[in-house]
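Please keep the sequence and the coordinates at hand while reading.

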Amino acid sequence: MMKRENLKKLLTGAVLGLAVFCLTVVLTFAGTQLVSAAVKKNSVKKYTVTLCKPDGKIWKKINFSGKKKFPSADTRDGNMFLGWSRSKKKTKKPSYYADDIIPRKNAVYYMVTFRKNQDKAPAKIRQSSNYDNVWFVGDSRFLGMKHAFKKTIPSNVSIICKGGKGLGWFRRTGFDKLLEQVKEMPAESRMAVVINLGVNDLNNYSEYPNYMKKVSEVLTSYGCDMYYMSVNPVNSAMIRNYRGYYARTEKQIRNINKMIYNKLCSGSNKCYTYVDTNNYLRRYGWISNNRNDGVHYSDETYKRIYDYCIRCIG
């Protein structure tokens with residue numbers, strides 16, 4: 001029979017051997033994981049995109065591996081950057097816009113730039129054939145449109161607006177003024193209301209859907225057809241150069257327009273017809289005002305916005 005001391009030594013050796021084996025397995029696994037992680041880290045695909053001016057001169061290079069978005073740009077010459085394309089010297093219809101995700105591949109993209117000499121006002125001022133009276137209700141952008149027309153705007157078109165304001169002003173003042181004018185019209189009048197508010201409420205528009213639905217209910221009871229014009233484009237790079245900071249961005253415009261369309265202009269929520277001047281201008285071009293502030297428009301662009309809207313409502 002094995003002596004107790006020998007049995008103890010044998011068991012102790014077995015336990016130590018098992019412990020060494022387990023430790024070896026653990027260290028080997030950990031080492032494999034570390035090597036695997038290092039290999040994985042080093043194998044992450046990296047890309048380089050070259051962003052060029054319309055003539056092909058390099059504007060900026062971007063190196064990236066994860067998600068990266070196209071930047072905005074300021075031409076600083078009064079022309080308007082619209083977006084990016086794989087083709088040189090395009091002046092409309094960008095393939096990508098500021099804040100779009102850059103495709104994960106090495107590529108060269110060129111600025112799509114709408115030139116000031118392309119910004120032509122329509123040859124004649126269009127009048128609605130479907131409506132006897134049309135109201136445009138908005139902020140400084142409709143005020144700019146009013147100034148652009150001066151006294152040439154059709155007599156059956158009214159513009160109710162206040163610069164720098166939004167939903168708060170409309171609740172306190174704008175809606176009452178609009179309703180008062182609507183009530184003065186003969187019962188048989190064909191009436192349309194076009195609302196364009198939101199650019200001054202980009203950080204707080206949660207109350208828009210409920211209030212604007214109530215506005216629609218009241219005005220349709222007087223026979224008005226209701227339209228909501230998209231919040232129209234900005235150029236955040238121009239805004240930053242003009243103001244010193246990003247007061248408004250392309251992403252904010254996209255988000256508020258998504259809300260307007262989904263909550264007010266589509267499906268079971270529909271109480272307005274959507275007038276998408278935003279995408280019209282982004283595709284075919286616009287020019288900022290003589291301050292190049294990236295928010296307000298040239299007289300010609302304001303007249304093009306009016307013309308597009310009248311064509312949409314008929």
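## Basis of the values

The model is predicted, so that local features need pLDDT of at least 70 and side-chain atom pairs count only at pLDDT 80 or more, while totals for chains, interfaces and linings use all residues. Residues are numbered from 1 along each chain as its sequence is written, and side-chain values use heavy atoms, with hydrogens and water left out.

## Salt bridges

A search of the whole structure finds 8 salt bridges, a salt bridge being a side-chain nitrogen of Lys or Arg within 4 Å of a carboxyl oxygen of Asp or Glu. One of them joins lysine 69 to aspartate 99, with an N to O distance of 3.7 Å. Because lysine 69 lies in the loop between β2 (58-64) and β3 (80-85) and aspartate 99 in the loop between β3 and β4 (107-114), this pair ties together parts that are 30 residues apart in sequence. Helices (H or I, at least four residues) and strands (E, at least two) are DSSP runs, numbered from the N terminus. Aspartate 99 is buried, at 17% relative accessible area, whereas lysine 69 is partly exposed, at 32% (buried means under 20%, exposed over 50%, partly exposed in between, with a 1.4 Å probe and protein chains only).

Aspartate 307 and arginine 126 form another salt bridge, in which the closest N and O atoms are 2.9 Å apart. Aspartate 307 lies in helix α8 (residues 299-313) and arginine 126 in the loop between β4 and β5 (133-138), so the contact links parts that are 181 residues apart in sequence. Aspartate 307 is buried, with a relative accessible area of 8%, while arginine 126 is partly exposed, with 32%.

β5 is mostly covered, since 6 of its 6 residues are buried. In a regular strand the side chains alternate between the two faces of the sheet. In β5 both faces are covered, with Asn133, Trp135 and Val137 buried on one side and Val134, Phe136 and Gly138 buried on the other.

β5 pairs with β7 in the parallel sense over 6 bridges, where two strands count as paired if DSSP finds at least two bridges between them, and valine 137 stands opposite isoleucine 195 in β7. β5 also pairs in the parallel sense with strand β6 (residues 157-161), over 5 bridges, and there the bridge partner of phenylalanine 136 is isoleucine 159.
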